[in-house]
Amino acid sequence: MTDVAQHRPGAADGPEPAPCGTDPARWRALGVCLAVGFMTLLDVSIVNVALPSIEQSLGAGPAQVQWIVAGYALAFGLVLVPAGRFGDLFSRRAVFLTGLAGFVLTSAAAGLVQSATALALVRLLQGVTAGLVNPQVLALIQQLFTGAERGRAFAAFGTTVGLSTAVGPLLGGVILAVFGEAEGWRGVFLVNVPLGLVLLPLAWRWLPRDEGARHRTRPRFDAVGLVLLAGAVVLVMLPFVLTTGTGGSSARWWLLAPGLALLGGFALWERRENRLERQPVVATDLVRTPSFTVGALIGVAYFAGFTGIFLVVTLYLQSGLGFSPLQAGLVQTPFALASAVLAQVGGRQVEHRGRRVVVLGLVVVAVGLSAADVVSAAVQSTGGAIALAACLAVTGAGSGLVISPNQTLTLADVPRSVAGTAGGVLQTGQRIGSAMGVAAVTAVFFSTLAGEGLSGAAGGRAGDVPAPVRAAFGEALSTGLRVSIALVVVALVLALLDLRRRRVR
């Protein structure tokens, strides 16, 4: 019996209605969900290549630039679990539509602001709206699909995650090339507006209305638990998302202590709510589900490992080799393409091979990153960039076998009635993992450059960068990649332990 089949997803759902497995609109609904998810996840990374344009156009200072990037990630991570719980209790469709409408409005506002401070504030609001949408995507997949179809649906979502993470620099470079670098940053945000206006009526028409979440009894919202969790997420994420890797952020690390204390307080409060048979934000049964807990930890470790590589690769290509944003994006495109193709394979195979698919994917990712480590340390030229693209293609192939199969396995035992909450917890872990990974990898990257007497802003046009500068950036990238490899190995160890647990059971 396979890993997924023996879990019988959805069997413990109680009064939750049967999934819409015969509704032909379910695939159209999935398409809308994935398109909206792609937009919101893309905005995590696409803004990075537009930062020089924003600095020049709005006169943004370092602190404002930091909040333009970090504010979105913080707000996104903050509302994932509350949004998932709210969708479970009331209406996933209503929360999704609200989040999408808000994302369109805040995207328009971000593209039209006239000051850096205003842009930073709008990015916070944009992150909130994105956080409203994403847990509903996972919950709706749980609701609409079962069995092998659910694996294929999660494969499509895994493709969306991989593409949105990897193609951000490419799309940002294309938009800047089309609209010009002086004001092209506005196009990075405004491009969401026409797309969102097309998707809003489609979502209204195709998303399921009868979810069974409008309760037989009046739902109780755990406000205390939400406040404790929100404070914990902000305090834990803040030092990571605001770090520059250059040594000026050390004063913020003390925030981890109260953040972890609030997390402990949240766990104790949730146990109390569960004991009193109320409705906690995160049910104890969910945390005690081995497939969910281990899968979520694998997701944290893996997102910590692979997310940071795109920022340091972009810095290496643009500052170390003198590539344009568009050229740097093209080098990273093979990762996205390979990830998209292999995610479909992984989605089909996870039904039959279970956790072994994830283990294989993590091994391939580790091999691809190790090869990129060797290449970046040995060859600093256009030829080296081409070899790096090939290594990233291998890494992307492995990533396609990790993200969507792991999500399928993680949520396999989760009742549909709490699917939104589970999706919010899973994605919050991924956001925290991404923040930690980016902070760790960039810290090592900039530390290596500082040892060579350089900063991340060195370089020039392609062909004009001195050989010692190219070599220093190559060594910095190599060192950063080793941190990513170590984090991927942590995810691999967790996956192997889970594979052994499943075999024993």
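Visitor: Why is C33 called buried?

Guide: In this predicted model, C33 has a relative accessibility of 1%, and since buried means under 20%, C33 counts as buried. C391, with a relative accessible area of 9%, is buried as well.

Visitor: How many disulfides does the structure hold?

Guide: The structure holds zero disulfides.

Visitor: What makes D43 and R123 a salt bridge?

Guide: The side chains of D43 and R123 meet with an N to O distance of 3.7 Å, and because the cut-off is a side-chain nitrogen of Lys or Arg within 4 Å of a carboxyl oxygen of Asp or Glu, the pair qualifies as a salt bridge. D43 belongs to helix α1 (residues 25–45) and R123 to helix α5 (residues 116–144), so the pair ties together parts that are 80 residues apart in sequence. Both D43 and R123 are buried.

Visitor: Which other pairs form salt bridges, and how many does the whole structure have?

Guide: A search of the whole structure finds eight salt bridges, including the one between the side chains of E183 and R186, at 2.7 Å from N to O, and the one between R272 and E273, whose closest N and O atoms are 3.0 Å apart.

Visitor: How do you know whether E183 and R186 are buried or partly exposed?

Guide: Buried means under 20% relative accessible area, exposed means over 50%, and partly exposed lies in between. R186, at 14% relative accessibility, therefore counts as buried, whereas E183, at 38%, counts as partly exposed. For the other pair, R272 has a relative accessible area of 30% and is therefore partly exposed, while E273, with 0%, is buried.

Visitor: Why is Q430 called buried, and what does Q430 touch?

Guide: Q430, which is placed in helix α18 (residues 419–451), has 5% relative accessibility, and because the limit for buried is under 20%, Q430 counts as buried. Leaving aside residues up to four places away in sequence, Q430 touches G299, V300, F303 and Q407.

Visitor: How do you know that the span of α9 agrees with its number of residues?

Guide: The expected span is 1.5 Å times one less than the number of residues, so the 15 residues of α9 should span 21 Å, and its end C-alpha atoms are 20 Å apart, which agrees. In α9, the residues N192, V193, G196, L199 and A203 are buried, and the buried residues of this helix pack against α1, α4 (92–112), α5 and α8 (185–190).

Visitor: What is the overall make-up of the protein, and how much of it counts as buried?

Guide: The protein has 19 helices and zero strands, and of its 505 residues, 58% count as buried, that is, they fall under 20% relative accessible area. The protein exposes about 18900 Å², of which carbon and sulfur atoms supply 67%.

Definitions and conventions. Residues are numbered from 1 along each chain as its sequence is written. This is a predicted model: local features need pLDDT of at least 70, side-chain atom pairs count only at pLDDT 80 or more; totals for chains, interfaces and linings use all residues. Side-chain values use heavy atoms; hydrogens and water are left out. Helices (H or I, at least four residues) and strands (E, at least two) are DSSP runs, numbered from the N terminus. Buried means under 20% relative accessible area, exposed over 50%, partly exposed in between (1.4 Å probe, protein chains only). Contact means heavy atoms within 4.5 Å. A disulfide is a pair of cysteine sulfur atoms within 2.5 Å. Accessible areas come from the Shrake-Rupley method with a 1.4 Å probe; for residues, only the protein chains shown count as cover.
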